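Welcome! Here is a short briefing to read alongside the structure.

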Amino acid sequence: MPHLVAALAMAVVVGVAHAHTAGDIVGTWRLVSMVRADSAGQPAPYWDDHPSGLIIYTADGHVAAQLYDSRRARLGIRWESAGPEAARAAYAGLITYFGTYSVDQAAGTVRHAVEGAMTPDWIGTKLVRAFRFVTPNRLELRVVTDATGRPVTNGTVLVWERVRR
């Protein structure tokens, strides 16, 4: 009986210590939080406490990300007719892009090769994000480089919850 208890305890420990692989990132993830360091170095919401977004990683290596500031005001008109200030406010409250991705398991990073984006300046760039699984269904991505490839210190941290594999 003591051996059975020890075996069960070991199984629980091994289950908790599950090593995540590159394939574990595949799926649809909903944005839970998005914070960055404020001027005092403390975490603060990037936009607000309730950002909205999805990031999708496919098994064949594609990624699509859409993130929105939930405080964005409705335009009340067709988006093509928005005036400069309304367009700027709407544009400043979103981050969208798509492309391909690759995972460097040893470095704990995922690299997004941008093919299309809200800002043309991102197209052709690589966005590097450190990743870690907080739980099997909760993924943390930390901005490591900006769209120019420069390292970012105290980068934005995004927490995602799995919606679907």
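What share of the 165 residues in the protein chain is buried? Buried residues (under 20% relative accessible area, with exposed over 50% and partly exposed in between, using a 1.4 Å probe and protein chains only) make up 35% of them. This is a predicted model, where local features need pLDDT of at least 70, side-chain atom pairs count only at pLDDT 80 or more, and totals for chains, interfaces and linings use all residues. Residues are numbered from 1 along each chain as its sequence is written, and side-chain values use heavy atoms, leaving out hydrogens and water.

**Overall fold**
- The protein chain has two helices and nine strands, counted as DSSP runs (helices H or I, at least four residues; strands E, at least two).
- Along the sequence, these elements follow the pattern α-β-β-β-β-α-β-β-β-β-β.
- Of the contacts (heavy atoms within 4.5 Å) with a separation of 6 or more, 46% join residues 24 or more positions apart.

**Aromatic rings**
- There are five aromatic pairs in the structure; rings of Phe, Tyr and Trp (its six-membered ring) pair if their centres lie within 6.5 Å, and planes under 30 degrees apart count as stacked, over 60 as edge-to-face and the rest as tilted.
- One of them joins Y46 and W47, edge-to-face at 5.1 Å centre to centre and 75 degrees between the planes.
- Y46 is partly exposed at 24% relative accessible area, whereas W47 is buried at 12%.
- F131 and F133 have ring centres 6.1 Å apart and planes at 80 degrees, so this pair is edge-to-face too.
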